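Welcome! Please take a first look at the sequence and the 3D view, and then read the briefing below.

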Amino acid sequence: MTQPYVRAGNVEWIAKGSDVGVQERTLAPGNVIPWHYHTIITDTTYCLEGSVQIEMLSPSERIVLAAGQSHAIPPNRPHQITPQGDRPCRFLLVQGVGEYDRHPVDPSTWK
């Protein structure tokens, strides 16, 4: 049986509509937003504090964002988000535009 998704870290909703959501997220070292993808929406991460690490598949890529930097992950691109290093990270996560969906991914079996 698949375990239910639990949002990692501290989540503060800033805006939530039918086709867009904005969250302020804080991840402590060891927290992870696990591997997943969305079929319609884009995840855009704006780093506010610390360093945010985004790992992606298809192709494999790792991006580290410092405060003031951002990166958009297009639909159908598996990704996970963690703090980089031994300090927490704080970021805005903008998700949209479109109906939210989330599909877990096992990176070892991803096509």
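Two residues are in contact when they have heavy atoms within 4.5 Å of each other. By that rule, among contacts in the chain between residues at least 6 apart in sequence, 68% join residues at least 24 apart. Please keep in mind that this is a predicted model, in which local features need pLDDT of at least 70 and side-chain atom pairs count only at pLDDT 80 or more, while totals for chains, interfaces and linings use all residues. Residues are numbered from 1 along each chain as its sequence is written, and side-chain values use heavy atoms, with hydrogens and water left out.

**The chain as a whole**

- The chain has zero helices and 10 strands; helices (H or I, at least four residues) and strands (E, at least two) are DSSP runs, numbered from the N terminus.
- Its C-alpha trace spans about 35 × 30 × 25 Å along the principal axes.
- The radius of gyration, taken over C-alpha atoms, is compared with a globule rule of 2.2 Å times the number of residues to the power 0.38.
- For 111 residues, a compact globule would come out near 13 Å, and the chain agrees with its 13 Å.
- Of the 111 residues, 37% count as buried, where buried means under 20% relative accessible area, exposed over 50%, and partly exposed in between (1.4 Å probe, protein chains only).

**The open sheet**

- Which strands form the open sheet? The five strands are ordered β6-β5-β8-β3-β10, with antiparallel pairing; two strands pair if DSSP finds at least two bridges between them.
- β6 (61–66) and β10 (103–104) stand at the edges with a single partner strand each, so one side of each has no neighbour in the sheet.
- Strand β3 (residues 33–37) runs antiparallel to β10 and is joined to β10 by two bridges.
- Tyr37 stands opposite His103 in β10.

**Two buried residues**

- Gln23 belongs to strand β2 (residues 20–27), and is buried with a relative accessible area of 0%.
- Leaving out residues up to four places away in sequence, Gln23 touches several residues, including Trp13, Phe91 and Gln95.
- The side chains of Gln23 and Gln95 are joined by a polar contact of 3.3 Å; such a contact is a pair of N or O atoms within 3.5 Å, and within protein one must be able to donate a hydrogen and the other to accept it, while residues adjacent in sequence count only if both atoms are side-chain atoms.
- Thr44 sits in strand β4 (residues 42–49), and is buried with a relative accessible area of 14%.
- Apart from neighbours within four places in sequence, Thr44 contacts His71, Ala72, Leu92, Leu93 and Val94.
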